Amino acid sequence: VVEAFSGASLFPCGPGSREWEYFDGKCYYFSLTRTSWYKAKAQCEEMHSQLAVINSYAKQSFVMFRTRNERFWIGLTDENSEGEWEWIDGTDYRTTFTLILSLPRFWKEGEPNNSGNNEDCAHVWISGKWNDVYCTYECYYICEKPLPN
Ligand SMILES: [Ca+2]
Ligand SMILES: [Ca+2]
């Protein structure tokens, strides 16, 4: 009987993963420490996950709600080619942007501005809106992973 309540519904992200939050078919980790974009990316990978890819309005809403006004790295960078934003999992940036064109902009007003010609990594900022900042900036980060089998 206990087996039937092994926690799948209470802890959909796994019984040993209380720090992972379930939303819309995926599991999310909101870090408690700040680090650079590169280290954040590596730390997500160590946990068999990746920096969050925001590819829907629902996901953006969840992230906005959850991060409030704290800054969290997401898996978006233009370090390969200035101004050409790429999601780390290969999700097409222009496609996601087309999807959301009729919705409120995700970038904070005036962003991305590549300030100092040195802002190639994106984080959520005020009210969950996005900003580009230098990649060695230290802030919190969001990892995501599929539901465990
Ligand atoms: Ca840039
Ligand atoms: Ca900026």
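## Basis of the model

Residues are numbered from 1 along each chain as its sequence is written, while chains are lettered from A and ligands numbered from 1 in the order in which they are written. Because the model is predicted, local features need pLDDT of at least 70 and side-chain atom pairs count only at pLDDT 80 or more, whereas totals for chains, interfaces and linings use all residues; side-chain values use heavy atoms, with hydrogens and water left out.

## Overall fold

The protein chain holds three helices and eight strands, where helices (H or I, at least four residues) and strands (E, at least two) are DSSP runs numbered from the N terminus. Read from the N terminus, these elements follow the order β-β-α-β-α-β-β-α-β-β-β.

Of the 149 residues, 42% count as buried, a word that here means under 20% relative accessible area, with exposed meaning over 50% and partly exposed in between (1.4 Å probe, protein chains only). Among contacts (heavy atoms within 4.5 Å) between residues at least 6 apart in sequence, 68% join residues at least 24 apart.

## The calcium sites

The calcium ion (ligand 1) is coordinated at 2.3 to 2.9 Å by atoms of D78, E82, N114, E119 and D120; donors are N, O and S atoms within 2.8 Å of the metal (3.2 Å for Na, K and Ca), and since water is not among the atoms, sites may look incomplete. The donor residues of this calcium ion (ligand 1) are spaced D-x3-E-x31-N-x4-E-D in sequence. Two of them, E82 in the loop between β4 (72-77) and β5 (86-87) and E119 in the loop between α3 (93-99) and β6 (121-124), link distant parts of the chain, 37 residues apart. E82 is partly exposed at 45% relative accessibility, whereas E119 is buried at 10%.

## Salt bridges

Side chains of opposite charge can pair when their charged atoms come close. A salt bridge is a side-chain nitrogen of Lys or Arg within 4 Å of a carboxyl oxygen of Asp or Glu, and by this rule the count comes to four. In one of them, the closest N and O atoms of E21 and R66 are 2.7 Å apart; E21 lies in strand β1 (residues 20-23) and R66 in helix α2 (residues 57-67), so the pair ties together parts that are 45 residues apart in sequence.

K26 and E144 also meet in a salt bridge, at 2.8 Å from N to O. Here K26 lies in strand β2 (residues 26-30) and E144 in strand β8, so parts 118 residues apart in sequence are tied together. K26, K59 and E144 are linked in a network of salt bridges.

C139 has its place in the loop between β7 (130-133) and β8 and is buried, with a relative accessible area of 2%. The C-alpha atoms of C139 and F72 are separated by 5.8 Å, although these residues are 67 apart along the chain.
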